[in-house]
Amino acid sequence: MNQFVIKRSRLTEIAYPNRLKGWRKKQDSMPYPIYYLLPAKKWLRRARLRQSGLAFATFDDLAKLILDCAGLSFTETTEHQRKIFMQELALRQYTNGDHREEKKHEAIAYANTYGQLKRMGISLDQLPARLHAMRPLLEEYEEKWVNQGFLDPENLSLEAVARARELSELPIGHLVVDGFYDLSPLQYQLLQAVVDLKIPVTIYLPDVPGAELVQETRHHLSQMGFSASSGPKSNLKLKHQRVKQASSVEEEIHGMLDEVVEQAGQRGWDSFGVLLLNEQEYSQPFQRIAKHRGIPLKQPSYISFQETQFYRFLITSLKENYAREDKWGRLGLFDLFLRLLYVSPQEYTKMKQGFLESGVLPEELQPLFDPFLFLHQSLSEEGTLESYLHFLLEFLQQQRFAEHWKKRLDAENTEFLQKVCTEWKAYDHLILMLTSKREELQDRGLGSYPVYLDTFLAWMEELLQSTKIYQDRTPIAGVSLYTLRDAALFSGNHLYVLGMNDGVFPSPHQLQGYVQEIDLDRMEFPFARPDRRTHLAKQDLLFKQLAYLSPFLTLSYVVGSDQENPLLASKYVGNRKRQVGSRARKRTYTFQNKQRLKRKQIPSTHTIWSTASRFSRKKGGEYLYYSQTDWMEKLAYHLGRGRQLSKVPDTLLEMRTHLQRLEDGRETLTQTWQEELFKDTVAVTALESYAACRFRYAMERLLEIEEPRERLEQVDAREKGSLQHRFIQRFYTELGVVEKPFSVFREEGLEPVAEKQLEELFATLWKEVEEKNKELSPIVLLKEKDSWWKTFRKWWSAERYHFWNNPGLEGMRISRFEKEIRLHLAIDEETNITVEGKLDRLDRDEEGFVIYDYKSGKASMNLHTEVKPGLKLQLPLYLLAVQEEFQSLSPHGASYVSLKDPAKRAKNGIWDHEKATRFNVSKQAQKVKELDASVFVEEHQLRDRVHTLWKGMHQDFSVAPLDCQPWCPYKLVCRVTKTQIEEGEDSWT
C-alpha cells in the first residue's frame with residue numbers, strides 16, 4: 001500500500017472535526033507524533049480549538065524541526081532584517097558619504113533579488129548570467145550571516161532540505177497536509193525531503209471545480225510518488241450574488257455594516273463574514289468604524305508595540321544624540337517623555353513652561369529623563385549584537401518607570417487605566433524579549449559578529465514593530481474577518497468581499513529585485529513554476545472558491561479616481577455567465593445543456609452604497625437606525641440637507657445654532673462685559689490692531705495670550721524694531737544735533753564724527769543683542785550682524801540725502817524723539833474719546849512741521865485701503881494732535897520710514913502739495929493741496945471710523961479680518977474661512 005496519498009476534500013472540510021478526531025485516534029498507535037500542516041496561523045488556532053493532542057504546524061515549523069534534529073544552532077531573521085544585514089555589508093565596502101547612500105539603496109535591491117531567487121529554490125551557482133555582478137555581495141551575505149546561523153525564511157527551508165539528506169529519520173509518525181491548493185517550490189522541496197525519509201504522508205487537496213491549479217498540483221504530487229484516491233466533491237453553496245459600489249473606502253465599510261446590523265438581530269453576528277482583499281488599506285478603518293458603531297469583531301484585541309508611547313520614546317532617544325542639543329533640540333523627546341508618564345494637561349502645561357524657561361524638569365522626574373538624553377551617546381558606533389543587547393537590557397532594567405505608573409493607577413478613568421497598563425505591559429514585554437534574544441544569541445554563539453550601530457538599531461526596531469501587546473480576548477459572538485488565505489474558515493450565511501478593485505484583485509504579478517520573467521526560462525523547476533500564469537491561476541482559484549463557501553455573496557469596490565489612477569472594478573465583478581465551478585475547457589453546448597446552465601445561473605444585482613442611501617434607508621416606511629448614535633447622525637444628516645423633521649432633539653437644534661454662529665463668525669459680549677471693558681482712552685496702535693482683526697486683538701490685548709514659544713531662528717522682529725528705534729534716537733542725541741538746524745552738519749564738518757559714532761554705537765548695540773539672544777548660533781548671529789550693519793548704513797545714507805545734505809532743508813531741525821501724543825476727539829455731545837500714542841520723530845522749522853514714524857519692515861499708506869478702514873491711523877491722528885498743539889505751525893507732511901527701504905518717499909506718507917518738493921519726495925507721493933490735518937481727518941471720515949472701532953473694542957470680537965496674515969500666531973484657534981478673508985479684503989477696495 002502506498003504511504004503517500006492524495007485525498008480529495010471539500011473546501012468546507014479543511015481541518016474538519018471528524019477528520020481531526022480520526023487522526024487523533026491513529027496518534028495513539030504511533031511511536032512519533034502526527035504532524036498536521038495547515039496553511040496559516042489562523043487555521044492552526046482553529047484546529048487546536050477543535051482537537052487537542054495533535055502537533056499542528058506549518059511548513060516553516062517542519063523546517064525548524066528538521067534543523068533541530070540535525071543539531072543546527074540558528075536564529076530566525078525576517079526579510080526586512082535580511083535587507084538590513086545586506087546594507088551592513090555594502091556600507092563596509094564604501095566609506096564615502098555619497099557612495100554609502102547609493103549603496104544602501106542598491107543593497108535593498110540585491111536583498112530583494114536574493115530573496116526572490118531563494119523562494120524559487122535557486123542557489124547562487126544557478127544565478128542568471130546578467131546578475132553575476134551582484135554575486136560577490138550575495139556570497140558574502142551567505143558566508144557572514146547565513147553560514148553563521150542567521151536564517152531568513154527562505155534559507156530556513158533550504159537549509160532544512162539540505163540537512164534532511166544527512167538524517168536517517170525524523171520524529172514524525174505521519175505527516176498530514178491539509179488546506180493547500182498548491183505548494184511553493186520550497187514547500188515541494190521540504191515535502192520531497194520527508195518523502196525521501198519514508199515518512200507516510202497524506203495530503204487533503206481541496207476540491208475547487210474548474211480550478212486548473214488544483215489539477216496541476218495533483219499532477220506534480222503524482223510525479224513525486226503520490227497516489228490519488230477519491231473523496232467528496234465540494235458543494236456549490238452560492239444562491240445569490242450582489243455587486244455594490246461606493247465612492248470611498250469608508251462609504252463601502254459603512255454600507256456593508258449597515259446591512260449587517262439590520263439583519264444581525266434575526267440571524268446573529270456569526271452569520272456574517274468580511275473578506276478584506278486589501279488588508280493594508282482596509283483593516284485599520286474597518287476596525288475603527290466597527291468599534292465606533294459598537295459592532296463586535298470576532299478576533300482578539302491587540303495593540304502593536306510601535307503604537308505605544310514607550311516605543312516612540314525609546315526609538316527616538318536611541319536614534320538621536322540629545323546630549324549635544326539645547327532645550328529646543330530636546331523638546332521633541334521631552335514631549336514624548338511626558339506622554340509616556342501620562343501627566344495631566346495642567347501638569348503638562350506647567351512642566352513644559354518650566355522646561356522652556358530653564359531646560360529642566362521637576363526634581364523627581366529629572367533622573368528619569370536624563371539617562372535617555374545620553375543614551376545614544378553611550379552606545380559605541382560599532383559593536384556586536386550581543387554587546388548592544390546586553391547594554392540596552394541593563395539600561396532599561398535600571399529605569400524606574402513602573403514606580404511612576406503605579407502612582408498613575410490611582411485614577412478612576414477606565415480608559416486612562418488601560419493606557420497606563422498597556423505601557424507597563426509593553427515595558428515588561430520588551431525586557432523579556434531582549435533577555436530572550438540575548439540568551440538565544442549566547443546559547444547559539446551567534447552574537448559575536450560586529451555590526452554598525454545603525455544596523456543594530458534597524459534590526460531591533462524591526463523586532464519591536466512585529467511585536468503585539470494583548471488587550472482583550474475574542475468575543476463569543478461577532479463578525480469574523482478573513483483574508484484570501486483563510487477564507488475557507490467561513491461557515492456563515494453571508495460573506496462580504498471588500499475591495500474588489502482592478503489592480504487589487506487579481507493582484508499584479510511582479511518578481512522582486514532584478515529577477516525578470518524571462519529569467520525563469522533559463523531555470524529548472526521540477527514542480528511549480530512561479531510565473532505570471534501560475535499567479536493568475538491562483539487568483540482565479542481563490543475567487544472561484546467563494547461560491548462554495550457562502551450562500552450569499554456581496555462583492556464591493558470603490559469607484560472614482562485617486563491621485564494617479566482611475567478606480568475601476570475587478571474583472572471578476574459582474575454576472576456569472578456560466579455555472580459556477582464549470583471547467584474551463586472547450587465543450588459543445590447543446591440546446592439541453594444551455595437550458596440546464598441557464599437554470600443554474602446565479603442571480604446577481606448591482607447597486608450603490610452612498611451617503612444618501614446610508615442615511616435614508618427605510619423599512620416599512622420608517623427610517624432605520626441601529627443605535628442612539630446612529631439615530632442622531634441620521635437626523636443630523638437630514639437636518640443639514642434642509643429637510644423639515646417632525647421631531648428634532650434639542651441637542652441637535654443647539655448644535656445647529658452653534659455651527660451657524662461658528663460659520664457666521666459672530667462673537668459679541670454681554671452688557672456686563674461691555675461695561676467691564678469700557679474705557680474712554682485708547683491707544684492708536686490698539687485701534688489699528690482691532691481694525692486689522694478683531695479676534696486677534698481680543699487674543700493679544702484683552703486675554704493677553706502669548707504666542708507659542710519657538711526656537712529662535714533669528715532675532716525677534718519686535719525686539720529688533722525696538723532696538724533699532726533706540727539706536728536712531730541715541731545716535732542723534734549723542735551726536736548732539738537734536739534741536740539744531742540740518743545745516744550744522746555741513747558747517748561743522750560732522751561727517752567723520754557721525755561715521756565714527758555710527759560704528760561705536762552699533763558695536764555697543766550688538767553686544768546687547770548677543771546678550772539677549774544666547775540661544776542663537778554664532779553663525780546666525782554673524783549673519784544678523786552683517787544684515788543689521790547694512791541696514792544702518794543704508795539708513796544713514798538716506799538720512800544724509802533727505803535731511804543733512806539737502807539744501808532745501810537747512811533751516812529744518814529734529815525737534816523731538818518719542819513724543820507723547822494725546823488727542824481728544826469729540827464724537828458727539830456725550831461721547832469724547834482720548835487717543836494716545838508715541839510719535840517716533842518730529843521735525844520743525846519756523847513755518848511748519850513734519851512727523852516721521854520708523855518701521856523695521858515695509859511701510860505703506862494707501863488712503864483707500866489702509867487709512868479709511870483704520871489700518872493706518874498713526875500719521876493722520878498724530879498730524880492732528882501736533883497741529884492742535886502748535887497752532888501757529890502748519891504741517892508740511894507726514895511719512896512712514898521703512899528701514900528696509902529708507903530712501904523711499906513715494907506712497908508711504910502724505911505731503912502738502914506746495915511744500916513737498918524741498919523734502920525730496922517722489923513724483924508718485926500722495927499730496928494734498930494746503931494740507932490741514934483737521935480737514936484731512938474729516939474728509940476721510942476718520943473721526944467716525946475711530947468711533948466705530950472704539951465702540952467695537954468694548955463689545956464685538958467677531959471673526960471678520962481686514963488683514964489676515966499667514967504668520968498670525970492664533971491661526972490654530974481661529975475659525976476664519978477663506979470666504980471671510982476675501983470679504984474683509986474686498987470691503988475697503
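# Chatting through the model

Trainee: Which residue stands opposite Val 201 in β7?

Mentor: Phe 4 stands opposite Val 201 there. Strands (E, at least two residues) and helices (H or I, at least four residues) are DSSP runs, numbered from the N terminus. This is a predicted model, so local features need pLDDT of at least 70 and side-chain atom pairs count only at pLDDT 80 or more, while totals for chains, interfaces and linings use all residues. Residues are numbered from 1 along each chain as its sequence is written, and side-chain values use heavy atoms, with hydrogens and water left out.

Trainee: What's the mean pLDDT of the protein chain?

Mentor: The mean is 88, and 95% of the residues reach 70 or more. pLDDT is the predictor's confidence in each residue, from 0 to 100.

Trainee: And where does pLDDT stay under 50?

Mentor: Over residues 575–599. For that stretch the model has 28 contacts beyond four places in sequence. A contact means heavy atoms within 4.5 Å.

Trainee: Back to β7. Which way does strand β1 pair with β7, parallel or antiparallel?

Mentor: Parallel: β1 (residues 4–9) and β7 pair over six bridges. Strand β6 (residues 174–178) also pairs with β7 in the parallel sense, over four bridges. Two strands pair if DSSP finds at least two bridges between them.

Trainee: How many residues of β7 are buried?

Mentor: Six of the six, so β7 is largely enclosed by the rest of the structure. Buried means under 20% relative accessible area, exposed over 50%, and partly exposed in between (1.4 Å probe, protein chains only). Val 201, Ile 203 and Leu 205 point one way from the strand, while Thr 202, Tyr 204 and Pro 206 point the other way.

Trainee: What does the side chain of Thr 202 make a polar contact with?

Mentor: The side chain of His 174, at 2.8 Å. A polar contact is a pair of N or O atoms within 3.5 Å; within protein, one must be able to donate a hydrogen and the other to accept it, and residues adjacent in sequence count only if both atoms are side-chain atoms. Thr 202 lies in β7 (residues 201–206) and counts as buried at 6% relative accessibility. Leaving aside neighbours within four places in sequence, Thr 202 is also in contact with residues including Val 5, Lys 7, Trp 23 and Leu 175.

Trainee: New topic. How many residues are in the largest nonpolar core?

Mentor: 176. A nonpolar core is a set of buried Ala, Val, Leu, Ile, Met, Phe, Trp, Tyr and Cys residues joined through side-chain atoms within 4.5 Å. Among the residues with the most contacts inside this core are Leu 175, Phe 337 and Phe 401. Helix α19 (residues 414–444) gives the most to the core, with nine residues.

Trainee: What does Phe 337 touch?

Mentor: Not counting residues up to four places away in sequence, Phe 337 touches Phe 313, Leu 361, Leu 365, Leu 368, Phe 369 and Phe 401. There's also a second, separate core of 48 residues, which includes Ile 833, Ala 881, Val 937 and Leu 942.

Trainee: How many salt bridges does a search of the whole structure find?

Mentor: 60. A salt bridge is a side-chain nitrogen of Lys or Arg within 4 Å of a carboxyl oxygen of Asp or Glu. Take Glu 885 and Lys 819, whose side chains meet at 2.8 Å, N to O. Glu 885 lies in helix α34 (residues 874–885) and Lys 819 in strand β24 (residues 813–826), so the pair ties together parts that are 66 residues apart in sequence.

Trainee: Is Lys 819 buried or exposed?

Mentor: Lys 819 is buried, with a relative accessible area of 3%. Glu 885 counts as partly exposed at 44%.

Trainee: Which residues are linked in a network of salt bridges?

Mentor: Glu 79, Arg 82, Arg 119, Asp 152 and Glu 154.

Trainee: Last one: where does Gly 513 lie?

Mentor: In the loop between β16 (494–498) and α21 (532–544). Gly 513 is partly exposed, at 34% relative accessible area. Gly 513 and Thr 113 are 400 residues apart in sequence, yet 4.0 Å apart in space, C-alpha to C-alpha. Beyond four places in sequence, Gly 513 is in contact with Ala 109, Asn 112 and Thr 113.
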